[in-house]
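Subject: Two-chain model for you

Hello,

Here is the structure I promised to pass on. My notes follow below it.

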Amino acid sequence: MRMIDTNEAGLIARIVAGEKELFHELIRPYERMVYLTLFAIVKNETEAEDGAQETVISAYRHLASFRGDAKFSTWLTTIAINEGRKRLRKAKGAAENSIEEEEESHEGDYTPAPLTDWREIPLEALERKELREALRVAVAELPDIYRQVFVLRDLEEQNIEETAQALGINPGAVKVRLHRARMMLQKRLVPFLKTTAPARRGFFGRAL
Amino acid sequence: MKLDCKHVWEHISEYIDMTVDAELRKEIDLHLEHCEICSAILDSTRNILILTADDRTFELPVGYSKRLHERLKDEIEKTKQEPPVSGQK
């Protein structure tokens, strides 16, 4: 999905030198990523789209300050995260605690749900719309700090270092949060997965 | 050392990401060979990740890209009369 970095660096240099229209081309591979990053924070389609537009405009205006010591995608993600947090603070009002204050909880159950009568989701089950819908809801309902890491890692497929850098946390925290997010999702989705279990039953449909 | 299920669960995420060290990976593999519960948990978690990465799961709003590029086009037009994009003064 992403352009080869050398092409990208060349593209950036040309834009900064005055070929401004090329910014359309530069941003195209990252449109989806920008939107999803915003959505992971604001959880509202309209706000996410407005925020994505602001992010792209801001990246365009400040492109000359991009130094190339980070990847362009990470730099862009950082702008998107800041934009999302700004919008969230505005929506929540200054009186409430900001999202950055949210701490990792050492309590809570982050163990997965055991499945006893199910080995693998059949491919056709992955095609089911309701499973996708259930996953969307489950992701939206993850606590903020877990959702943001999950979206950057598993939805946008950024690596641990990039995720850590974009969120301003250490790589260890990325791993812990990602693990918890995945386990919470697994637990939430088990009821949906179970309905697709292949038959392995005793008499009268009872599980063996 | 024989791994118990709980120990395996703690490392499932790293196992999927291939970031567990070789020795632990071997122990987990051994455990998975005979533990249906852990195998099912691993499979279900993996499938959730496959589903997550599927573009149809998290779709963009219809017309998102078009609106984004129109907005960008307006912005570029506005700045065209200005000197090249520059952060330097």
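**Helix packing in chain A**

Helix α3 (residues 31–42) of chain A packs against helix α5 (residues 72–92) of chain A at an angle of about 30°, and their axes are 9 Å apart. Axes here are lines fitted to C-alpha atoms, for helices over the stretch in contact, and angles run from 0 to 180 degrees between N-to-C directions. Helices (H or I, at least four residues) and strands (E, at least two) are DSSP runs, numbered from the N terminus. The angle makes α3(A) roughly parallel to α5(A). For such labels, angles under 35 degrees count as roughly parallel, over 145 as roughly antiparallel, 65 to 115 as roughly perpendicular and the rest as oblique.

The crossing of α3(A) past α5(A) is right-handed. On the α3(A) side, the contact is made by A:Met33, A:Val34, A:Thr37, A:Leu38, A:Ile41 and A:Val42. Residues from α5(A) include A:Leu76, A:Ala80, A:Ile81 and A:Leu88. Two residues are in contact if their C-beta atoms, placed from the backbone, lie within 7 Å. By class, this contact has nine nonpolar, four polar and three charged residues. Ala, Val, Leu, Ile, Met, Phe, Trp, Tyr, Cys and Pro count as nonpolar, Asp, Glu, Lys and Arg as charged, and the others, Gly among them, as polar.

**Provenance and confidence**

This is a predicted model: local features need pLDDT of at least 70, side-chain atom pairs count only at pLDDT 80 or more, and totals for chains, interfaces and linings use all residues. Residues are numbered from 1 along each chain as its sequence is written, while chains are lettered from A and ligands numbered from 1 in the order in which they are written.

Chain A averages a pLDDT (the predictor's confidence in each residue, from 0 to 100) of 82. In that chain, 76% of the residues score at least 70. Over residues 195–208 of chain A, pLDDT stays under 50. The model has 13 contacts beyond four places in sequence for that stretch.

**The two chains**

Chain A has ten helices and zero strands. Chain B has five helices and zero strands. Of the 208 residues of chain A, 34% count as buried. For chain B, buried residues make up 24% of 89. A residue is buried if 20 or more other C-beta atoms lie within 10 Å of its own, exposed if 12 or fewer, and partly exposed in between, with C-beta atoms placed from the backbone.

In chain A, residues 24 or more positions apart account for 69% of the contacts with a separation of 6 or more.

A:Pro29 sits in the loop between α2 (23–27) and α3 of chain A. A:Pro29 is partly exposed, because 14 other C-beta atoms lie within 10 Å.

**Where the chains meet**

On chain B, 38 residues are in contact with 49 residues of chain A. α4(B) gives the most to the chain B side, with 14 residues. That side divides into 19 nonpolar, 13 polar and six charged residues.

Helix α7 (residues 129–140) of chain A packs with α4(B) at about 90°, with axes 11 Å apart. α7(A) is therefore roughly perpendicular to α4(B). Here A:Leu131, A:Arg132 and A:Leu135 meet B:Ile48, B:Leu51 and B:Thr52.

Best wishes

Key
A crossing is left-handed if the near helix is turned anticlockwise from the far one by less than a right angle, and right-handed if clockwise.
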